[in-house]
Every structure is written in C-alpha cells, then in structure tokens.
Amino acid sequence: MIRQTRYMVEQSEPGVLWQVRGDTGDGWLVIRYQLEAAGEGTRFVRTLTFDVSGVTRLLLPALKRQMLKTSIQALANLKQKLEST
C-alpha cells in the first residue's frame with residue numbers, strides 16, 4: 001500500500017523536542033521526539049500516535065505491521081546517520 005502523507009512541524013525546540021503532524025487523507029498521525037542529554041550522547045523517546053477512518057480502518061492490522069517495519073528501518077537509518085558523524 002502506497003500512502004502519501006503531508007507533514008507539518010508543530011513543535012521544535014533544538015535538543016529538547018521535535019514534533020510533526022501528518023495528514024494521510026483518511027487519517028492523521030503525530031510523531032514526537034523528546035530528547036535529553038545522556039552522558040556523552042543523547043537519549044530520545046519517539047512516540048507515534050495515529051488514527052484512520054473509512055476503508056483504511058479495516059486494514060488497520062496490516063497497516064500497524066507496516067508502520068512497525070517502517071519505524072524500525074527509520075530508527076536504524078537515524079542511528080547509522082548519527083553514528084557516522
């Protein structure tokens with residue numbers, strides 16, 4: 001399933017918080033990163049909140065599995081990028 005999402009940054013506090021809201025046409029999502037210093041690095045908590053409507057709601061189990069796979073890959077990409085700089 002290909003989904004196009006439009007994102008808008010809702011909050012941005014460098015080193016503290018970054019949050020976006022996405023519109024998928026048949027639902028919405030919010031991705032929030034909360035950051036804090038942890039020794040020589042940074043610890044973050046990523047929270048994903050979403051809701052869908054219409055036919056997509058019937059596909060929710062498959063959609064959740066796909067979102068989990070996408071999230072795991074996105075976090076791996078972020079880790080690789082951060083560790084390479």
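Q: Which residues do ring pairs link into a cluster?
A: This is a predicted model, where local features need pLDDT of at least 70, side-chain atom pairs count only at pLDDT 80 or more, and totals for chains, interfaces and linings use all residues. Residues are numbered from 1 along each chain as its sequence is written, and side-chain values use heavy atoms, with hydrogens and water left out. Rings of Phe, Tyr and Trp (its six-membered ring) pair if their centres lie within 6.5 Å; planes under 30 degrees apart count as stacked, over 60 as edge-to-face and the rest as tilted. The cluster linked by ring pairs is W18, Y33 and F44.

Q: How many aromatic pairs does a search of the whole structure find, and at what angle are the planes of W18 and Y33?
A: The search of the whole structure finds two aromatic pairs. In one of them, the ring centres of W18 and Y33 are 6.0 Å apart. That pair is tilted, because its planes are at 45°.

Q: In which strands do W18 and Y33 lie?
A: Strands (E, at least two residues) and helices (H or I, at least four) are DSSP runs, numbered from the N terminus. The two residues are 15 apart in sequence, so their pair ties together separate parts. W18 lies in strand β2 (residues 17-23), and Y33 in strand β3 (residues 27-38).

Q: Is Y33 buried or exposed?
A: Buried means under 20% relative accessible area, exposed over 50%, and partly exposed in between (1.4 Å probe, protein chains only). W18, at 36%, is partly exposed. Y33 has 15% relative accessibility, so Y33 counts as buried.

Q: What is the angle between the ring planes of Y33 and F44?
A: The ring centres of Y33 and F44 are 5.5 Å apart. Their pair ties strand β3 to strand β4 (residues 41-52), parts 11 residues apart in sequence. F44 is partly exposed at 32%. The Y33 and F44 pair is tilted because the planes are at 55°.

Q: Which side chain meets R43 in a salt bridge?
A: A salt bridge is a side-chain nitrogen of Lys or Arg within 4 Å of a carboxyl oxygen of Asp or Glu. A search of the whole structure finds two. R43 is partly exposed, with a relative accessible area of 49%. Its partner, 3.9 Å away from N to O, is E36.

Q: How far apart are the closest N and O atoms of E83 and K79?
A: E83 and K79 are four residues apart in helix α2, so about one helical turn separates them. E83 is exposed, with a relative accessible area of 57%. The closest N and O atoms in this salt bridge are 3.7 Å apart.

Q: Where does L58 lie?
A: At 71% relative accessibility, L58 counts as exposed. The helix that holds L58 covers residues 55-58. That helix is α1.
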